[in-house]
Amino acid sequence: MRMGLREQKKQATRRHISDVASMLFLRRGFDNVTVAEVAEAAGVSKMTVFNYFPRKEDLFLDRHADRLRDLEQVIRARPEGESPVAALRRYQHELLAQRHPLSATVPGVVHFARVVEASPALRGRVLEQSREIAETLNTLLAEEFAPLDAELMANLLAAALETIYRHATNRMLAGADPDEVYRDQPAVVDRAFDLVERGLGAVG
């Protein structure tokens, strides 16, 4: 469905505020920038910032909502006969093909990761977002599977998604070339989902 003009304007405002905030956080550090300073730099009121981003942390971790929407779409719209594991494997490879920021293979992700690592507030929010991903997957999978099966799958899949992302960012934080990480990452994705699909008995 095509987005209406009003919704397009809202999305543009949201992106503008987030882009301005990210620039300030990358330049000065997350904990050294106030929401009031973000609002002034973006040319909006402080209330407008909070209308779009109820928490300061979400100004920087602004792709989380996109990730949750993607997961819902991937699980619910997957072809008949495709398992949730296969659907999320396909989704991760699509992110890589686009070199999307959520693939953690764009060169700038190392600067993003350094800001997160330097801020206890951001690190805490990342953990909360990981739990929210697991909860979202659990809700979606519970529509198709028994409660215990849905919960186990949701937690394993959320852990796989987090590990895939962290593996790439940790390598770049350690000095690896982003292009090398990008070339290696498809094998990382497949290994992670192979282990989820076949179980930990496949290790060793």
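How far apart do the end C-alpha atoms of residues 11–71 lie, and what percentage of the span is helix and what percentage strand? The end C-alpha atoms lie 20 Å apart, and the span is 74% helix and 0% strand, where helices (H or I, at least four residues) and strands (E, at least two) are DSSP runs numbered from the N terminus. UniProt, in an unreviewed entry, lists residues 11–71 as "domain: HTH tetR-type", an annotation that may be inferred rather than shown by experiment.

The model is predicted, with local features needing pLDDT of at least 70 and side-chain atom pairs counting only at pLDDT 80 or more, while totals for chains, interfaces and linings use all residues. Residues are numbered from 1 along each chain as its sequence is written, and side-chain values use heavy atoms, with hydrogens and water left out.

In helix 2 (residues 35–42), Val 35, Val 38, Ala 39 and Ala 42 are buried, that is, under 20% relative accessible area with a 1.4 Å probe, protein chains only. Seen down the helix axis, the buried residues of helix 2 fall within an arc of 100°, so they line one face of the helix; the arc is that of the directions from the axis to the C-beta atoms. These residues pack against helix 1 (5–28), helix 3 (46–52) and helix 4 (57–60), contact meaning heavy atoms within 4.5 Å. Gly 43, with a positive phi near 75°, follows helix 2.

Nonpolar cores are sets of buried Ala, Val, Leu, Ile, Met, Phe, Trp, Tyr and Cys residues joined through side-chain atoms within 4.5 Å.

| Core | Size | Residues, including |
|---|---|---|
| Largest nonpolar core | 24 residues | Leu 71, Leu 88, Tyr 91, Leu 137, Leu 157, Phe 193 |
| Another core, apart from it | 19 residues | Ile 17, Ala 42, Leu 59, Leu 61 |

Definitions and conventions:
Buried < 20%, exposed > 50% of the residue type's maximum accessible area, 1.4 Å probe, protein only.
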